[in-house]
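Hello,

Here is the structure for your files. Please open it alongside this note; what I found follows below it.

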Amino acid sequence: MGLLSNPTRQLEKYFSRHPNVKTIVVAGSFGRTSAFRALGQILGQAYTVTMGVNRNIPDIPDIVLLDFNSVSNFPNITPDFTVITSVAQSQSAGQTSEAKAYFDLANRSRHVLINREDVPSEYVKFLTNSNITTYGDELPANFYFENLDENLHGQTGNFVNPEGQRIHVHVNLLGGHNLRPVAMAVAIAHFFEVPPEKIIAGVESLHPLPGHMSVGRGTNGSIIIDDSADTSVLSTQLSLRTIYALDAPSRILITGPFDPAITIDKNLISEVIIIDPKAPPQPDPIFKIFATQLDALEYLATRLEPDGIVLLEYHLPDITISKIL
């Protein structure tokens with residue numbers, strides 16, 4: 001998948017000259033990078049896929065992936081697919097306006113795919129397009145993943161389409177939230193009639209990006225799950241849910257400034273390490289506060305154990321020794 005430029009106002013001319021090029025637009029408050037990556041890897045097994053268009057390249061792609069911001073102001077472009085990956089939970093006027101803009105584009109698209117897990121139902125009132133497909137990491141989404149096994153090496157199961165057909169595959173990613181963009185890409189591959197063996201090859205080529213639930217070994221044989229690229233409350237909660245489901249003798253959360261909106265299950269988390277020189281004292285002994293990374297690492301050297309899980313919601317590169325996933 002090549003990364004190409006989008007000259008202003010040239011987009012409409014390009015697609016009028018090349019009507020057979022299919023367009024997929026990705027919109028959302030978060031999750032767009034994962035969506036583009038999954039689409040490129042999976043559709044790229046059977047088609048030529050580019051990110052954006054470039055008039056100076058003579059080879060015409062089969063499919064062009066576009067970001068919402070590149071097409072939202074071009075009313076004459078009718079996307080073949082618009083994907084809405086998410087809408088932020090905030091109920092502010094700005095967020096509502098953002099959501100409405102996503103759905104305005106979706107309503108003039110030929111087909112809409114909506115992440116059933118990360119698009120709050122109150123925003124769906126903006127949708128008038130009846131040609132809609134939902135996706136997610138479980139039922140009742142139209143396209144979903146039937147998880148049969150999850151461990152530190154990823155997840156094994158079936159992607160299931162609305163007709164009940166299954167594609168058995170191993171996904172080298174942890175967490176249901178990381179399966180959602182893959183389910184979306186599998187759904188679009190289904191519409192493009194990509195053969196199952198090519199879908200499987202595309203899915204199995206996906207690996208975690210650094211800081212996106214990437215797994216490694218730490219000192220004393222501990223398991224380090226680095227999720228430091230996205231430390232939002234939602235991402236942290238989803239990542240905690242993932243490590244709760246994994247067998248481990250202990251689970252430690254490492255974070256920067258701690259957001260009290262994060263819910264901690266004290267039956268499943270051994271300690272919460274806060275690295276923040278300005279953090280107020282915490283009455284609960286499960287919380288340990290450190291002013292510097294070095295202080296935290298020195299403490300952790302006495303606490304890490306074989307196969308104990310450490311979830312990094314704070315960038316702490318020195319804690320990982322080798323990669324697993």
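**Cavity, pocket, cores and rings**

Helix 2 and helix 5 each supply at least two residues of the lining of the largest cavity. Helices (H or I, at least four residues) and strands (E, at least two) are DSSP runs, numbered from the N terminus. This is a predicted model: local features need pLDDT of at least 70, side-chain atom pairs count only at pLDDT 80 or more, and totals for chains, interfaces and linings use all residues. Residues are numbered from 1 along each chain as its sequence is written, and side-chain values use heavy atoms, with hydrogens and water left out.

**The cavity**

A search of the whole structure turns up one cavity of 30 Å³ or more. On a 1 Å grid over the protein atoms alone, a cavity is a set of points where a 1.4 Å probe fits but cannot get out; a pocket is an open set with protein on both sides within 12 Å along at least five of seven lines; lining residues have an atom within 4 Å of a point. Grid points are joined across faces, edges and corners, and a volume is the space filled by probe spheres set on the points.

The largest cavity holds about 130 Å³ of space. Its lining includes Ser34, Arg37, Asn178, Val182 and His212. By class, that lining has seven nonpolar, three polar and one charged residues. Here Ala, Val, Leu, Ile, Met, Phe, Trp, Tyr, Cys and Pro count as nonpolar, Asp, Glu, Lys and Arg as charged, and the others, Gly among them, as polar.

The largest pocket has about 420 Å³ of space. It is lined by 23 residues, and those closest to its centre are Phe30, Gly31, Ser34, Asn178 and Asp230. Helix 2 (32-43), helix 5 (176-191) and helix 7 (233-244) are the elements that give two or more residues to this lining. Helix 5 gives the most, with five. The lining divides into nine nonpolar, 10 polar and four charged residues.

**The cores**

The largest nonpolar core has 37 residues. Such a core is a set of buried Ala, Val, Leu, Ile, Met, Phe, Trp, Tyr and Cys residues joined through side-chain atoms within 4.5 Å. Buried means under 20% relative accessible area, exposed over 50%, partly exposed in between (1.4 Å probe, protein chains only). Among the members that touch the most others are Ile24, Leu39, Ile42 and Phe159. Elements that each supply at least two residues include strand 2 (22-27), helix 2 and helix 6 (196-204). Helix 5 gives the most to this core, with nine residues. Apart from this core lies another, of 26 residues, among them Val25, Ala27, Val64 and Ile84.

What does Ile42 contact, leaving aside its neighbours within four places in sequence? The list includes Val182, Ala185, Ile199 and Leu206 (contact means heavy atoms within 4.5 Å).

**Aromatic rings**

There are 10 aromatic pairs. Rings of Phe, Tyr and Trp (its six-membered ring) pair if their centres lie within 6.5 Å; planes under 30 degrees apart count as stacked, over 60 as edge-to-face and the rest as tilted. Tyr14 and Phe15 have ring centres 5.4 Å apart and planes at 90 degrees, so this pair is edge-to-face. Tyr14 is buried at 5% relative accessibility. Phe15 is buried too, at 12%.

Phe103 and Phe126 make a tilted pair, 6.3 Å centre to centre with 45 degrees between the planes. Phe103 sits in helix 4 (93-107), and Phe126 in the loop between strand 6 (111-115) and strand 7 (132-135), 23 residues apart. Both are buried. Ring pairs also link Tyr47, Phe81, Phe143, Phe191 and Phe192 into a cluster.

**Backbone points to check by eye**

The peptide bond from Leu139 to Pro140 is cis, with omega near 10 degrees. Pro140 is in the loop between strand 7 and strand 8 (144-151).

Two residues other than glycine have positive phi: Met213, near 60 degrees, and Asp307, near 65 degrees. Met213 lies in the loop between helix 6 and strand 11 (214-218). Asp307 lies in the loop between helix 8 (293-300) and strand 16 (309-313). Buried or exposed? Met213 is buried, with a relative accessible area of 0%. Asp307 is partly exposed, at 39%.

Best wishes
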